[in-house]
Amino acid sequence: MFKRSDHDTRPIVRILVEGAPVEARAGDTVSAALLASGRDVRRLTAVSGAPRLPYCMMGVCFDCLVTIDGVGNRQGCLVPVADGMRIEIQKGKREIGR
Amino acid sequence: MSAPLKDSYDLVVIGAGPAGLAATATAAKAGLSVLLLDENAGPGGQVWRAITSTPLADRGQLGPDFWSGEALVRALREGDAEVIHRATVWSLDTALEIGVSVGGGSAFVTARRVILATGALERPFPIPGWTLPGVMTAGAAQTLLKSSGLVPDEPTVIAGQGPLLWLLSAQILRLGGRIDRILDTTERRNIVGALPHALAFATSPYLRKGLALIREVRAKVSVVSGVTDLAARGEGRLSSVTYKVGAREETLPASLLLLHQGVVPNVNLAMAAGVAHAWDDVQLAWLPVLGQDGATSVEGIAVAGDGAGIGGAEAAALRGRLAALAAVEALAPASLAKLESRESVRAELARAERGRPFLDRLFRPGKQFRIPADDTIVCRCEEITARDIREAVAIGATGPNQLKAYRRTGMGPCQGRLCGLTVTELMAEARGKTPQEIGYYRLRAPVKPIALAELAALPKSKAETEAVVRG
Amino acid sequence: MSKDYDVAVIGGGLLGSAIAWGLGRLGQRVVVLDEGDVTKRASRANFALVWVQSKGLGMPAYTDWTVRGARSWANLAAALREQTGLDVCLQQNGGFHLTLGEAEYGRRADLVARMHNQLGADGYRMDMVSAAEAGRALPGLGPEVSGGSFCPLDGHVNSLRTYRALHAGMKAFGVDYRPERPVSAITREGGEFRLTTPAGEVRAAKIVLAAGNANQDLAPMVGLSAPMGPTRGQILVTERTEPFLPHTLATLRQTDEGTVMIGDSKEDVLDDGAMRQGINAVMADRAQRTFPHLARLNVVRTWSGIRVMPRDGFPIYDQSETHPGAFVTCCHSGVTLAANHAFEIARMVAGGALEPDLVGAFTAKRFAAQESGTGSGYY
């Protein structure tokens with residue numbers, strides 16, 4: 001859906017998405033890294049299970065909710081990536097204790 | 001990223017966009033102790049997002065209006081204000097106590113003055129299919145572009161109206177991104193209302209810049225005007241966009257649809273603090289009721305920037321300066337001599353706002369894009385359609401707060417940000433009332449979700465404990 | 001809008017709606033006069049418990065009334081479902097009041113003992129349970145939970161959906177729901193009541209005051225009284241999470257939607273605009289000590305609401321001697337008692353008289369005898 005600029009010289013940051021290695025760039029938010037990854041990163045809503053992707057990218061719509069390092073329902077558009085970060089796509093309601 | 005260093009400050013500024021940066025720099029220069037709290041990773045707000053970190057070093061790509069923010073970022077860094085990014089302000093009350101979450105922990109700080117510079121968000125654009133993966137706001141695409149250098153590379157349609165649409169399109173094209181078509185939803189009759197304000201607009205910088213952008217984009221992308229009946233289609237993700245021009249219906253394959261029909265004040269924190277708002281029939285949004293230089297109905301709280309009514313980045317910075325000057329006058333009047341006079345800033349502001357009445361009227365979003373048909377989802381969080389809301393009105397729902405009881409609209413994590421305006425206008429239409437009469441959600445802290453453990457760690461008095469542990 | 005009605009119900013919250021729905025069901029011509037979007041509405045600010053345990057200490061009739069209400073709730077839920085298609089998600093598999101630490105456990109045990117010493121309804125039990133017993137029923141309990149009390153009749157319901165179902169049902173029964181019409185004056189002339197509202201006068205043969213705390217001002221207009229005490233409560237609500245809680249607790253429940261509601265506080269104030277974050281902190285702290293796995297869950301909303309609380313905590317159901325046909329109804333437990341209101345009170349109002357054997361104890365005349373003091377309408 002999105003491609004990176006040829007001029008982007010920021011350092012590579014390696015994250016894991018559903019266990020698979022993905023290369024992001026320093027300064028990416030989790031949502032930006034997911035959208036740039038080319039993977040299917042659609043979450044499922046907690047109400048009907050409908051698929052969604054980030055909508056606003058500025059912290060207001062909560063359609064970018066994602067599990068980061070084992071913590072559910074985080075706003076991926078507000079969290080910068082870090083080396084070794086583990087991302088899981090949320091399917092429905094947040095699980096208890098995560 | 002750490003908690004505030006002190007318990008109290010002369011001034012707390014919330015939001016590091018143009019208004020917040022200008023307010024902070026001005027107040028710090030006057031010697032006030034200032035804390036600037038901002039949700040993003042760096043300064044700039046939305047309009048200058050990632051100004052200190054964007055990978056797009058070629059200044060022509062983002063354009064001069066973007067880089068004009070550097071002066072204020074510099075001014076901020078030259079001053080000694082305390083600045084905390086990735087800070088979420090979740091509570092503000094009339095005692096000017098601010099609940100802020102930083103790095104997973106919350107603290108309360110108090111201020112003698114607060115300037116809310118929480119800016120704007122994009123107006124909801126509820127069309128059929130707008131929740132499908134692949135439908136985003138134009139602002140979202142611009143955020144990806146500025147902060148990560150990302151541009152669309154699959155079939156892409158941009159739809160809607162307003163200056164941002166053209167700026168974003170030009171930026172995507174400069175970076176080699178893909179735009180298949182632009183669907184302009186501006187209603188042709190808007191020009192009638194806008195015309196009386198054309199002279200002021202013609203002498204503002206908007207005109208020259210706007211025309212150049214439109215020329216740049218039209219040279220490369222086909223633009224369709226007079227678009228109605230816009231819809232996103234697809235199973236599980238966007239596959240096509242349908243629309244009408246006159247009686248002709250067209251379908252375009254697309255995997256990305258970027259929507260935009262202007263921006264509106266981000267009112268949640270101000271409303272939760274008890275700041276009075278009123279419906280504005282020109283901007284079709286709730287605006288805070290303001291006295292001079294951004295003063296609100298709550299003593300000590302001012303609103304500056306687009307949160308005070310949409311005026312653009314230049315006006316926002318000037319409003320930020322004015323609100324800061326008012327704070328300096330109240331707290332350290334002797335320091336006013338070091339700063340520019342308020343009269344001169346007010347005159348600058350009047351010039352900066354000159355073109356706005358024309359733009360507001362020309363780009364007034366059409367009713368069909370504000371008050372959707374029955375099957376369209378209005379509340380994205382609770383997945384409530386326009387029909388659901390009309391049915392609730394039919395059995396007795398009078399306004400947005402009663403509607404919550406019937407349908408849970410606005411009770412999800414976005415707290416009404418993506419449905420509130422639609423709900424107000426839709427209920428007003430269904431009940432034959434004005435939006436002012438219908439009103440808005442009654443908002444309360446936390447204005448952003450906060451972890452239970454964070455709340456649990458806050459201070460508790462004996463009386464507060466005894467209000468819970470009884471019997 | 002001058003139209004004659006058999007009954008005008010003043011107040012369209014859960015109490016007024018249940019009575020109006022019940023009257024509509026009996027074929028009465030009914031109008032409901034309600035306030036608008038922003039007003040103190042306990043119907044929007046309740047905890048949605050159908051709760052029996054500890055109710056009625058000091059007034060056995062209230063225990064009986066509560067048990068009756070809980071036992072007939074399933075009939076109301078079934079009737080609403082059949083009429084409107086809406087499932088109000090009634091769950092009555094017993095509820096816990098959990099305690100943290102030994103001191104709280106001891107105080108709770110004292111209360112349970114006092115309840116046992118008071119004669120109550122058939123089959124009504126409320127027993128102390130150990131931490132181990134509670135832990136078997138409620139996975140994930142924290143180490144500080146010292147046990148608590150359990151009552152098999154307790155449960156909960158989706159109270160917002162109940163409200164919607166009652167309103168949809170009223171519409172189907174032909175009840176006229178008239179919002180934005182607070183009643184400012186009531187007179188009785190020529191055998192009918194005349195109610196003054198901002199949108200004109202409404203006439204009805206009988207009236208039912210079900211206006212919450214506003215009953216305090218309305219009741220004297222028709223020779224009745226409804227002394228109320230101000231009590232504010234705050235509630236936290238989390239984001240939706242996977243189901244984890246098989247029983248409801250007195251202060252913590254998981255809704256059918258998945259959100260977790262956390263209560264509850266009690267302050268003697270009437271201003272629901274303010275919110276004390278320290279109280280929210282205490283409730284959050286107790287919730288995570290009860291279920292440590294909730295600690296990372298996000299709180300999405302909080303609110304404060306005003307309880308409708310008669311001064312001694314027990315309901316008021318009364319009829320006027322000076323203004324025949326005028327009834328007043330006030331109670332804290334509009335959810336728990338909804339079935340009683342829909343079936344019993346509606347029947348009595350339609351018949352023109354309250355039935356002393358069921359609700360005689362709830363006359364407001366009792367306040368003349370006992371000038372103050374609180375019972376256990378609410379703990």
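Ile450(B) has Val299(C) as its bridge partner in strand S16 of chain C. Two strands count as paired if DSSP finds at least two bridges between them. Strands here are DSSP runs of E, at least two residues long, and helices are runs of H or I, at least four, numbered from the N terminus.

A word on what you're looking at: this is a predicted model, where local features need pLDDT of at least 70, side-chain atom pairs count only at pLDDT 80 or more, and totals for chains, interfaces and linings use all residues. Residues are numbered from 1 along each chain as its sequence is written, while chains are lettered from A and ligands numbered from 1 in the order in which they are written.

Back to where B touches C. The contact takes 36 residues from chain B and 46 from chain C, with residues in contact if their C-beta atoms, placed from the backbone, lie within 7 Å. On the chain B side, H16 (400–407), S23 (450–451), H19 (452–456) and H20 (462–466) each supply at least two residues. H16(B) gives the most, with 6 residues. By class, that side has 19 nonpolar, 11 polar and 6 charged residues. Nonpolar covers Ala, Val, Leu, Ile, Met, Phe, Trp, Tyr, Cys and Pro; charged covers Asp, Glu, Lys and Arg; the others, Gly among them, are polar.

Staying in chain B, look at H15 (residues 386–394) and H17 (residues 420–431), which pack at an angle of about 45 degrees with their axes 10 Å apart. Axes are lines fitted to C-alpha atoms, for helices over the stretch in contact, and angles run from 0 to 180 degrees between N-to-C directions. H15(B) and H17(B) are therefore oblique to each other; under 35 degrees would be roughly parallel, over 145 roughly antiparallel, 65 to 115 roughly perpendicular, and the rest is oblique. Ala386(B), Ile389(B), Arg390(B) and Val393(B) of H15(B) meet Val423(B), Leu426(B), Met427(B), Ala430(B) and Arg431(B) of H17(B). This contact has 7 nonpolar, no polar and 2 charged residues.

Now over to chain A, where 5 strands make an open, mixed sheet in the order S3-S2-S8-S6-S7. S3 (20–25) and S7 (71–75) of chain A stand at the edges with a single partner strand each, so one side of each has no neighbour in the sheet. S6(A) (residues 65–68) runs antiparallel to S7(A), joined by 3 bridges. Within S7(A), Arg74(A) is the bridge partner of Val66(A).

How values were computed: Two residues are in contact if their C-beta atoms, placed from the backbone, lie within 7 Å.
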